[in-house]
Amino acid sequence: MARDTLTGSRIRERRIMAGKRQAELAAEVGISASYLNLIEHNRRRIGGKLLVDIAEVLQVEASLLSEGAEAALISTLREAAADVGRADTELDRVDEFAGRFPGWAGLIADQYKRLGNLERTAATLTDRLTHDPHLATSMHEMLTMVTAIRSTAGILADTKEIEPEWRNRFHRNLNEDSQRLAESSQQLVSYLDEAGDAAGGLTLPLEEVEAMLEAHEFRFDMLDGADDAALESFAEQQSVLSSREAQQMAVTVLRRFRADARLLPQKEFAAAVAEFEADPVAIAKSLHAPLAAVFRRLACLSDELMDLPLGLVMCDGSGTLMLRKQVEGFQLPRFSAACPKWPLFQALVRPMRPLRQTVMVTGRDARRFECYAISEPIGALEANIDPLYHSYMLIKPLDGGGPVAREVGSTCRVCPSVDCEGRREPSLLAHSA
Amino acid sequence: MGKSVLLIEDEPNIIEAISFILSRDGWAVSTHSNGHDAVGVVQSTQPDLVILDVMLPGKSGYDILREIRGHSDTSGLPVLMLTAKGQVKDREMAERIGASRFMTKPFSNAEVLEVVRELVTE
């Protein structure tokens with residue numbers, strides 16, 4: 001969504017921060033409360049004198065309301081502050097900072113991301129050196145060869161009288177071992193070259209896959225009729241997918257999207273979306289499709305079929321996030337573990353039972369979302385073997401106020417909720433508050 | 001015939017080289033190349049010293065050493081462990097289990113001879 005289309009949301013956020021009711025603000029700037037309500041929900045554009053008047057009443061610069069600061073930028077700045085753990089960071093003024101000094105704020109955010117990437121690269125390399133079975137085996141093989149060569153060469157050099165039969169045997173052994181050593185060395189160098197390429201990227205494979213999906217806005221209509229070879233070729237051509245791992249993961253996702261598109265052709269699906277007002281459970285029932293497939297299809301097509309784009313997140317049974325389609329206001333963490341209150345995780349303990357919950361995302365710009373979640377088994381079912389599950393959550397932004405089932409956050413470090421029973425680690429936001 | 005050494009190692013050319021050196025020094029050398037039944041061989045041959053590689057097919061040198069130390073008739077047997085892993089934790093592991101000495105590959109022939117002589121004299 002373009003930045004200037006969120007002016008209404010920023011006015012609402014600032015009004016709530018100022019402790020003003022909608023009717024109060026409306027009266028002070030000479031408009032009706034219902035008109036202000038439309039503005040606050042981005043249903044009416046606002047600018048000129050009215051914007052200046054509202055900014056004056058709310059005691060902020062008009063540009064901060066009209067331009068704001070990217071939510072992602074603010075979120076990254078909050079994460080940066082939380083990671084450093086400095087209590088004197090003025091977190092309550094982070095959006096003001098990002099709004100007034102976007103260049104500096106962007107620089108801090110970029111540096112924070114770069115630092116995180118470097119830390120992960122270092123951790124990956126350390127882990128590889130200490131735990132990589134291939135590296136350990138190669139080194140063991142090479143040291144064994146070197147030992148044999150050293151010992152044999154020592155015998156030939158130091159033994160004054162040695163029978164011709166033994167001499168010939170040791171020469172042959174030296175020749176064999178030196179050949180094996182040469183081969184092992186070459187294999188190790190090749191392996192380290194590949195490993196170096198993989199570690200050289202500043203992103204994880206999953207991030208690269210998500211960047212590719214976002215670059216295509218989650219639309220791959222041109223691949224609906226493609227075969228596997230074409231999908232692989234497509235993945236290889238994506239410059240953002242720098243590693244083989246990322247390409248393989250992308251192909252897995254594209255195969256899933258292709259299967260969804262074949263199961264739920266766009267025309268038929270669009271008609272069902274309109275008929276059932278994007279209720280995924282009703283659509284799945286009507287089209288006799290698995291709910292997870294409907295979630296994915298809705299998320300991919302929502303930018304075209306609906307007023308507001310939908311978010312999507314998927315995890316496996318360990319809770320590891322494997323696919324994310326970000327949605328404004330519901331931050332899906334990049335690296336930290338997510339909020340355990342998400343319906344996504346509740347669905348994991350109740351497989352095959354669709355969940356529908358209205359949640360409020362904690363924070364000053366708290367927004368309501370309707371979340372649908374389902375956990376479905378993967379692979380073929382077999383007798384007496386518990387299946388593995390993938391859980392999906394579709395995230396639908398809601399307008400205005402209304403009842404909320406529970407508050408959820410993004411990740412503990414940047415969640416202000418003080419009395420959360422699911423908290424894993426302290427929040428700097430809660431601490432500073 | 002001199003004192004006996006059992007060499008448990010899976011790399012044929014290392015077996016050949018060490019056997020040659022020790023034989024020339026007067027030791028009666030027997031060899032075995034897998035971990036699976038190594039403990040049985042130790043018990044049946046009753047050598048004066050065992051040279052034991054850590055990485056063996058079938059069973060690790062650490063597990064073999066544990067079993068050797070667990071049997072009353074072999075619990076005091078001198079065992080020289082050989083490994084390509086020279087990390088402190090590997091050395092500590094070997095000492096904890098009861099290795100008499102720990103030698104990291106690659107080693108020189110002179111070092112092996114010296115340690116073997118020391119261990120049997122001890």
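## Conventions

Helices (H or I, at least four residues) and strands (E, at least two) are DSSP runs, numbered from the N terminus. The model is predicted: local features need pLDDT of at least 70, side-chain atom pairs count only at pLDDT 80 or more, and totals for chains, interfaces and linings use all residues. Residues are numbered from 1 along each chain as its sequence is written, while chains are lettered from A and ligands numbered from 1 in the order in which they are written.

## Positive phi in chain A

Q59(A) sits in the loop between α4 (48–58) and α5 (62–66) of chain A. Its phi is near 55°, a positive value in a residue other than glycine. Burial is counted on C-beta atoms placed from the backbone: a residue is buried if 20 or more others lie within 10 Å of its own, exposed if 12 or fewer, and partly exposed in between. Q59(A) counts as exposed because it has 8 C-beta neighbours inside 10 Å.

H288(A) also has a positive phi, of about 55°, although it is not a glycine. The loop between α15 (280–287) and α16 of chain A holds H288(A). With 7 other C-beta atoms within 10 Å, H288(A) is exposed. Two further residues follow helices. N42(A) comes after α3(A), and its phi is positive, near 60°.

## Helices of chain A

Helix α13 (residues 244–263) of chain A has 20 residues. From first C-alpha to last it reaches 29 Å, close to the 28 Å expected at 1.5 Å a residue; the expected span is 1.5 Å times one less than the number of residues. Its buried residues are A246(A), Q247(A), M249(A), A250(A), V253(A), L254(A), F257(A), D260(A) and A261(A). They cover an arc of only 160° around the axis, so they lie on the same side of α13(A). The arc is that of the directions from the helix axis to the C-beta atoms.

What covers the buried residues of α13(A) includes α11 (205–215), α12 (228–237), α16 (291–305) and β2 (321–325) of chain A. Contact here is two residues whose C-beta atoms, placed from the backbone, lie within 7 Å. On α11(A), the buried residues are E208(A), V209(A), E210(A), M212(A) and L213(A). Their cover includes α13 and β2 of chain A.

Helix α3 (residues 33–40) of chain A has L36(A), I39(A) and E40(A) as its buried residues. Seen down the axis of α3(A), these fall within an arc of 95°, so they line one face of the helix. They pack against α1 (7–18) and α2 (22–29) of chain A.

## Nonpolar cores

A nonpolar core is a set of buried Ala, Val, Leu, Ile, Met, Phe, Trp, Tyr and Cys residues joined through C-beta atoms within 7 Å. The largest has 70 residues, and those with the most contacts inside it are F295(A), L312(A), M393(A) and L394(A). α16(A) supplies the largest share of this core, 9 residues. At least three residues come from each of domain 2 (74–126) and domain 4 (309–432) of chain A; the bounds come from an automatic or database domain assignment.

Not counting residues up to four places away in sequence, L394(A) touches P280(A), F295(A), L298(A), A299(A), L310(A), L312(A), C371(A) and Y372(A). Another core, of 40 residues, lies apart from the largest one, and I155(A), W27(B), M81(B) and V112(B) are among its members.

## Chain B and the interface

Chain B has 5 helices and 5 strands. From the N terminus on, the order is β-α-β-α-β-α-β-α-β-α. Buried residues make up 39% of its 122 residues. Among contacts in chain B between residues at least 6 apart in sequence, 59% join residues at least 24 apart.

15 residues of chain B are in contact with 15 residues of chain A. Helix α1 (residues 12–24) of chain B gives the most to the side of chain B that touches chain A, with 7 residues. That side divides into 9 nonpolar, 3 polar and 3 charged residues. In this division, Ala, Val, Leu, Ile, Met, Phe, Trp, Tyr, Cys and Pro count as nonpolar, Asp, Glu, Lys and Arg as charged, and the others, Gly among them, as polar.

## Two loops of chain B

G58(B) lies in the loop between β3 (49–53) and α3 (61–70) of chain B. With 13 C-beta neighbours inside 10 Å, G58(B) counts as partly exposed. Leaving aside neighbours within four places in sequence, G58(B) is in contact with N34(B), G35(B) and H36(B). G58(B) and N34(B) are 24 residues apart in sequence and 6.3 Å apart in space, C-alpha to C-alpha.

P106(B) is in the loop between β5 (101–104) and α5 (109–121) of chain B. The peptide bond from K105(B) to P106(B) is cis, with omega near -5°.
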